[in-house]
Amino acid sequence: MACNEEILIYAGQPVLLSRKRIKNIYLRVSRDGRVALSAPARMPREAIVAFLAKHWAWAKMKQAERCEKSAVQQQYETGDRISVWGISCELIVRPAEGRMATVCQKGSHVLLCVPPHATREQRETVIEGWYRTLLARAIPAVLARCEQVVGKRAKEWHIRKMKTRWGTCNVIAARIWLSLALVKHAPEALEYVVTHELTHLWVRNHGSAFKARMDIYYPDWRRVKKELNRG
């Protein structure tokens, strides 16, 4: 979908303005607090500013919520809680035998074995590597099931750490990228995102035709999307 981007300064803050072939205007605040606005390609700038003015209080509230969440940085120490497929698990950290770091899940506990002097960043890297393995194991079966429903196939898929999206699709290459963070949410979130990205192989934008197909392929997609974005 054609898209022109620019930085609009509003109330002293940068707002990423994307002009697209869409009918409505959409405002969002990413997990790191950045404000972004998608607007119809020919919408006058005055109308965009007026929309921002009307909804700026909401954007500021969301920024405050994001800031509050990010202020508490995960330390990856014993007693911390991490999410695995939508389940909150207690993290237990133990010294590793030798230099090999390992992670394993036992019920609602995750055992992280690392060298005694491992830094917070190193512990995080080990957990993220484990997350990546879990997600990579789950994707093929989910993708095959969703491809059968949607009637389109992805030529390749990849996992990436994403700050503002759950997935992306290169419709020309039929290439799908999925957010590493999906492994923290219930399995239905992965199925929804895969279905969403495959549907873009039929319809590039998020207009009525796209939503109509999603209603057929994944009837409960609105609920899952809402819960995913809320989490």
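Mentor: The model is a predicted one, in which local features need pLDDT of at least 70, side-chain atom pairs count only at pLDDT 80 or more, and totals for chains, interfaces and linings use all residues. Residues are numbered from 1 along each chain as its sequence is written, and side-chain values use heavy atoms, with hydrogens and water left out.

The chain has five helices and eleven strands; these are DSSP runs numbered from the N terminus, helices being H or I with at least four residues and strands E with at least two. Of its 231 residues, 39% count as buried, that is, under 20% relative accessible area with a 1.4 Å probe, protein chains only. The C-alpha atoms fill a box of roughly 65 × 45 × 30 Å along the principal axes.

As for the core itself, a nonpolar core is a set of buried Ala, Val, Leu, Ile, Met, Phe, Trp, Tyr and Cys residues joined through side-chain atoms within 4.5 Å. In soluble globular proteins, nonpolar side chains tend to be buried together. The largest core here has 45 residues, and Leu182 and Leu198 touch the most other members. Two or more residues are given to this core by each of strands S5, S6 (87–95), S8 (109–114) and S11, and by each of helices H2 (120–150), H3 (187–199), H4 (208–217) and H5 (221–230). Helix H2 supplies the largest share of this core, ten residues.

Leaving aside neighbours within four places in sequence, Leu182 is in contact with Trp85, Leu135, Trp166, Ala189, Leu190, Val193 and Leu228, where contact means heavy atoms within 4.5 Å. Apart from this core lies another, of 15 residues, with Val15, Phe51, Leu52 and Ala59 among them. For the chain as a whole, 42% of the contacts between residues at least 6 apart in sequence join residues at least 24 apart.

Tyr76 is placed in the loop between helix H1 (45–71) and strand S5 (81–84), and its phi is near 60°, a positive value in a residue other than glycine. Tyr76 is buried, with a relative accessible area of 9%. Ala174, in the loop between strands S10 (167–170) and S11 (175–179), likewise has a positive phi, near 55°, and is not a glycine. The relative accessible area of Ala174 is 9%, and Ala174 is therefore buried.

Notes
Buried means under 20% relative accessible area, exposed over 50%, partly exposed in between (1.4 Å probe, protein chains only).
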